[in-house]
Amino acid sequence: MIPLKRTCKQAAALMVAREDLALSLADRVALRLHLLICAACPRFERQILGMRNSLKQWRNYTAPD
Amino acid sequence: MGLQPAVQLHCNSFRSGCLLVCASATFLQHQNNFARTRFLALPYTAQQRHHHRTMSGTSTPLPAFETQVAELHGYLLKFARLQLRNDAWAEDAVSDTLLAALSKPQAFGNRSQLKTWLVGILKHKVVDALRLRSREVCQGDDSQDGNEDPLDYLGFKADGHYIEPPAEWGNPEQQASSRQFFEVLEACANQLPAVQGRLFLMREWLELSSEEICKELQLTPTNLYVQLHRARLRLRECLELNWYGRRAAKQ
């Protein structure tokens, strides 16, 4: 049986890592389970996804004069 | 159709053709919307008269392609410095960009398009610079970064739970102008230690994959991920302190 329990700290580390590398299947499943049962971690996920989105807009942005 | 005679009149060479198009585009930019509509609706003879006036210099002189490109030196330097974190390398990359741009003059409908084109060239020059100096790129004084785990900025108890749950950030673009937000974002990226900053910008500005970065710089994946992990958490912390937190304090 693959251990699927993650603490919030571990979940946060996985969400940061996910921006730059492909997570293992066990980590993906464990993260999804954790996000379902945790109240705090989805907030951190929204921050990380918000940053991803902001960076995308930033690199496509051309400042007007 | 109406422009045809004027174009033939001034288009003795590619250069003057380009100047003409730039000139009319810049003229358009300077008009307010009402005047722009009027201008576009003018019969061809009036348009032609305008070109004659412009060409003979009786109205405001319009910048040539070279001038327009040169004026964007500072704009390009900002990105080059952010990515390369070395003033001399950045100056070189921008000079190479301007030379490359001037060797193939072309017309743009507006200044944004010119900027986008130049930034595209700059990115190629910056990748060349990073490749050329791959060893130095990964050596920097990041010692002040210490041994602390940047995950601890988030505040965890010993059992791995949050001391306080993370804040709801909301959508930054809805709260203020993108320009202000992007200035804070750039300032935060610039505050990253040099090596972290370069690697982070390679991911987020040059849009290179982790594999490409490792290959270009002969880095191990572990080394790269450690640096990117630290960079992302530092940037998150900086944005929270300087943008989201400040906004929450105002409310």
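Trainee: Where does Gln218(B) lie?

Mentor: Gln218(B) sits in the loop between helix 13 (210-217) and helix 14 of chain B. Helices (H or I, at least four residues) and strands (E, at least two) are DSSP runs, numbered from the N terminus. Keep in mind that this is a predicted model, where local features need pLDDT of at least 70, side-chain atom pairs count only at pLDDT 80 or more, and totals for chains, interfaces and linings use all residues. Residues are numbered from 1 along each chain as its sequence is written, chains are lettered from A and ligands numbered from 1 in the order in which they are written, and side-chain values use heavy atoms, with hydrogens and water left out.

Trainee: Good to know. What about the phi of Gln218(B)?

Mentor: Phi of Gln218(B) is positive, about 50°, although the residue is not a glycine.

Trainee: Is Gln218(B) buried or exposed?

Mentor: Gln218(B) is exposed, with a relative accessible area of 66%. The cut-offs: buried means under 20% relative accessible area, exposed over 50%, and partly exposed in between (1.4 Å probe, protein chains only).

Trainee: And Arg85(B), what is its phi?

Mentor: Phi of Arg85(B) is near 55°, a positive value in a residue other than glycine. Arg85(B) is in the loop between helix 6 (73-84) and helix 7 (87-102) of chain B. With a relative accessible area of 22%, Arg85(B) is partly exposed.

Trainee: Which helix holds Gln83(B)?

Mentor: Gln83(B) is found in helix 6 of chain B. Gln83(B) counts as buried, at 0% relative accessibility.

Trainee: What is Gln83(B) in contact with, leaving aside its neighbours within four places in sequence?

Mentor: Contact means heavy atoms within 4.5 Å. With those neighbours left aside, Gln83(B) is in contact with Val126(B), Leu130(B), Arg198(B), Leu201(B), Met202(B), Trp205(B) and Leu206(B).

Trainee: Zooming out, how many helices and strands are in chain B?

Mentor: Chain B has 14 helices and zero strands. Of its 251 residues, 44% count as buried. Among contacts in chain B between residues at least 6 apart in sequence, 74% join residues at least 24 apart. The accessible surface of chain B is about 13500 Å², and 53% of that belongs to carbon and sulfur atoms. Accessible areas come from the Shrake-Rupley method with a 1.4 Å probe; for residues, only the protein chains shown count as cover.

Trainee: New topic: how many disulfides does the structure hold?

Mentor: There is one disulfide over all chains. A disulfide here is a pair of cysteine sulfur atoms within 2.5 Å. Cys188(B) is joined to Cys238(B), S to S 2.1 Å.

Trainee: Why is the disulfide left-handed?

Mentor: The torsion about the S-S bond of Cys188(B) and Cys238(B) is about -80°, so the disulfide is left-handed. Cys188(B) lies in helix 11 (residues 178-190) of chain B and Cys238(B) in helix 14 (residues 221-250), so the pair ties together parts that are 50 residues apart in sequence. Cys188(B) is buried, with a relative accessible area of 3%, and Cys238(B) counts as buried at 10%.

Trainee: Where is the nearest cysteine sulfur to Cys38(A)?

Mentor: Cys38(A) is in no disulfide, and the nearest cysteine sulfur, that of Cys41(A), is 3.7 Å away. Cys38(A) counts as buried at 14% relative accessibility. Cys41(A) is in no disulfide either; for that residue the nearest cysteine sulfur belongs to Cys8(A), 3.6 Å away. Cys41(A) is buried too, at 0% relative accessibility.

Trainee: Which three residues supply more than any other three of the area that chain A buries against chain B?

Mentor: Those are Asp20(A), Gln47(A) and Trp58(A), which supply 22% of that area.

Trainee: How many salt bridges does the rule find across the interface?

Mentor: The rule finds seven salt bridges between chain A and chain B. A salt bridge is a side-chain nitrogen of Lys or Arg within 4 Å of a carboxyl oxygen of Asp or Glu. The side chains of Arg59(A) and Glu204(B) meet in a salt bridge, 3.0 Å from N to O.

Methods
Buried area = accessible area lost by both parts, 1.4 Å probe.
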